[in-house]
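Grab your viewer and follow along.

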Amino acid sequence: MASTDWISELPDSMLHHIMSFMKARAAVRTCVLSKRWRRLWASLQRLHFDFAELEIIQKLCWNRKELVRIYSEFISRMLQERESIDVHTFDVQNFYKFPDADDEREWEWISYAVNHKARVIHFATIYEWGNLPQSIYTCSSLEELHVFVEDPYPMIHPSSVSLPRLRSLDLSCVDHHFLKLILVQCPALESLDLAYCSGIDLRGIPFQKLRKLTVSCCTVLSAAGKLSLPSLESFYFEGSMSTLRDMGIESMPSLTYAYAYFYEEVYEETDASFNNDNSKILNALTNASKLEFYGFEAADLLHKDLQKCPTFFNLAELSINGCATCHSDMIARMLESSPYLQKLTISHNESHKVLNRERTAIKGAFLKSMYLDTIEIKVWRDYSTVKPLIEELADSLEGRSKLFNIILIIHKYADGPIIDEDFNTLCSSLAQQNPQIKLSYKLIT
C-alpha cells in the first residue's frame, strides 16, 4: 500500500508558514519535491536571505567574489519570478561580511520590498546611507525597519519622511538631524534601538507610545530640557554615566525593566562631572520591577547616590554585575531602599573584604527584608574565593524563619576545581547552623 504524503496535502497557507522558517535558498529548493511544490516558494511572503551561507561553500576553495555575484543574482532572479506578489518580511543578513558585494544591489532589493508593501525590512549591513532609496522613508506599509550601516559618511538626509505605521525602528551611525527627521514622523513608534549614533537628542520628540528604548555606544548633545517617556516599559543603556545623565530622562512611570552597562570614565578632579550628582539617574529608574547594573561605575553610583533617591517600591529583582567590589554596606543600602526585593544577584570580586562595621549593617538589612528569598553569587573562578562571603551571608541571615536560597553561579571555563568535597561540607555546615538556608550551585557557559 502506497504511503500518503500528508505534508503535501496541507493547505498553501500552512505550507507557507512552515517555509517561512527556511532561508530563501532552501525554500526555493523545495520545488524539486513534486508538482505540488513547484511554485509554492514564489508566493512566500517572508523572505530571508543570509550571505553567511557562502562561508561554508567558500571553504571548498570557491572564488569569493564569484560566490557573492552568484548569490546576489539568485536573489534578483527570485524577486523577478515573484514580481506580482507582495512581501511581508524582507530580511537580508550578513551582507557586510562580503565587501566584494555589489552595492547597487542593495538599492534594487530594498526598492523591491518597498514597492511590494513590505511590513518588515531588516538589512544587515549596508555600507552607507546613500544606498537606501528615498521611497523607504515614505513607505506607508512599513511597521518595522532595522538598518545597520557600516560607514556613516556621507550622511544623506531624506528629503521627506512619512512612516505612519512604523512601530519598531533600529538605526546605527546616524546624526542628530537625521534622527529627528525620522522620529517626528513616526507617531506609532513603540520600539527604538540606537547604536553608535553621534550627538543624539531625544528631547522635544513626542514619545507617547514608546515602550522599549535601547541606546548603545552613542554620544548625546548637551541640551536644555527633560525627556519624558510615559509609556516606556523596557530601557537598555550601554555607555558612560555622563551620557545617560545628559540624556535628561525625567521620568519613566511605566518602567518594568532596565539594564545599564556603564563604561569606566576618567575624570580630572577639576572636571565638573567628577562631583556631579548622579542620583537623578536612579530617580528615573525607581518604578522598575527588575534592574540590572553592569560595570565598574555601577558600584560607585549605588554606593554614593542611592541615599539621595526615593524608595524602590516596585523592585523585585536586582542584579549588580561586573563591579569592582560589591561592598556589604552598598548591598545593605540597596536592601533598605528596596523593601519588596525578592531576588538579589551580585558578581563577586575576590579582593572583597568585609569590615566588622559592615557586618552589623548588612545583618540588620537582611532581617528587615522580609520578601528577599534568593541571592545569586556569580563567580569567575573556583568557588573558594566566595566562601567567606557565603559564610558572611549565612551569619547575616541567622534568625530568619523563611526559607532562603543562596545560589552559586559558576562559569564553566573557570580556573581551578569547580565543586569539591569542601563545598559539600560547607553545605552541611550551613544546614546545621540554619536549616532554613539552602546552598546550591549551577554552571553556565
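**Exercise 1.** In this predicted model, work out whether Arg-167 and Glu-144 form a salt bridge, and where the two residues sit.

*Solution.* Start with the distance: the closest N and O atoms of Arg-167 and Glu-144 are 3.9 Å apart. The cut-off is 4 Å, so the pair counts as a salt bridge. Glu-144 belongs to strand E4 (144-149), while Arg-167 is in the loop between strand E4 and strand E5 (168-172). They are 23 residues apart, so the bridge links distant parts of the chain. Buried means under 20% and exposed over 50%, so both land in the partly exposed class.

**Exercise 2.** Take the salt bridge between Glu-376 and Lys-442 and find out which parts of the chain the pair ties together.

*Solution.* First, the contact: N to O comes out at 3.7 Å. Then the elements: Glu-376 lies in strand E15 (residues 374-379) and Lys-442 in strand E17 (residues 437-444), so the bridge joins parts 66 residues apart in sequence.

**Exercise 3.** Are Asp-201 and Arg-203 buried or exposed?

*Solution.* Their side chains meet in a salt bridge at 3.1 Å, N to O. Both residues are buried. For the overall tally, the structure holds 14 salt bridges.

How values were computed
Residues numbered from 1 in each chain as written. Predicted model: local features only at pLDDT ≥ 70, side-chain atom pairs only at ≥ 80, totals over all residues. Heavy atoms only, no water. Helix = DSSP H or I, 4+ residues; strand = E, 2+ residues; numbered from the N terminus. Buried < 20%, exposed > 50% of the residue type's maximum accessible area, 1.4 Å probe, protein only.
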